Amino acid sequence: MDAVNRFETPATFGLLRAEYCVGLALSTGLFLWHLDQVRWSVALALFAYIDVIGYLPGALAHRRAAGGRIPRVYYVLYNTMHSWLTAGAVVALWAWLVRPEWALLAVPIHLCGDRGLLGNFLKPFAVAFEPKPHPAFARLESDLESDPGVGRSRGARAARSAT
């Protein structure tokens, strides 16, 4: 992916997920290392608020719409609650207003788990709220897989086509 081609191939998507799995392992490791200092009510609340506010309303609306379009507000809620910007603000505010504590690791555990284990990233308005292949993306993937010039420089392709 780059600034012009905003999509992932199966290989780059797998690598991106692997990076988040490392973040999940580190966050979980620190959490477990300090398990005796974790306030469980805080950890559970911080883990759950992301989906209670950001995922469940959209999932319910999606089911009620029988897979049809749902209002954009559900995408905005999902993306806001699953954003590292929001998560960072929540963690920073909690640490400032309440106290820094190991339970705060529930937030990166949630986000890294969503991305690394489940492959769930932010949701564009143009795709179904629940994962479903978009026909245009399926065509793009097929075109990319069948293009023998993928991964080669333009100069190399031009030189071969000129001969």
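Helices here are DSSP runs of H or I with at least four residues, numbered from the N terminus.

Notes on the model: it is predicted, so I kept to local features with pLDDT of at least 70 and side-chain atom pairs at pLDDT 80 or more, while totals for chains, interfaces and linings use all residues. Residues are numbered from 1 along each chain as its sequence is written, and side-chain values use heavy atoms, leaving out hydrogens and water.

**Helix α3**

I then turned α3 (residues 56–64) over and found Gly 58, Ala 59, Ala 61 and His 62 buried. Looking down the axis of α3, these buried residues fall within an arc of 165°, so they line one face of the helix (the arc is taken from the directions from the helix axis to the C-beta atoms). Their cover includes α4 (72–81), with contact meaning heavy atoms within 4.5 Å. Just after α3, I noted a positive phi of about 50° at Ala 66.

**Salt bridges**

How many salt bridges are there by this rule? I get three, where a salt bridge is a side-chain nitrogen of Lys or Arg within 4 Å of a carboxyl oxygen of Asp or Glu.

Back at Arg 63, its side chain meets that of Glu 130 in a salt bridge at 3.4 Å, N to O. That pair links distant parts of the chain, 67 residues apart: Arg 63 sits in helix α3, and Glu 130 in the loop between α6 and α7 (135–146). Arg 63 has a relative accessible area of 54%, whereas Glu 130 is buried at 16%.

Next I looked at Arg 99 and Glu 101, whose side chains meet in a salt bridge at 3.9 Å, N to O. Shared partners join Arg 39, Arg 99 and Glu 101 into one network. Arg 39 bridges to Glu 101 at 2.7 Å, N to O. This pair is 62 residues apart, with Arg 39 in the loop between α1 and α2 (40–54) and Glu 101 in the loop between α5 and α6 (106–116). Glu 101 is buried at 11%, while Arg 39 at 31% is partly exposed, and so is Arg 99 at 37%.

**Thr 86**

I found Thr 86 in helix α5 (residues 84–97), buried at 18% relative accessible area. Its side chain reaches the backbone oxygen of Thr 80 at 2.6 Å. Leaving out residues up to four places away in sequence, Thr 86 touches Thr 80 and Met 81.

Definitions and conventions:
Buried < 20%, exposed > 50% of the residue type's maximum accessible area, 1.4 Å probe, protein only. Helix = DSSP H or I, 4+ residues; strand = E, 2+ residues; numbered from the N terminus. Polar contact = N/O pair within 3.5 Å; in protein donor to acceptor, adjacent residues only side chain to side chain.
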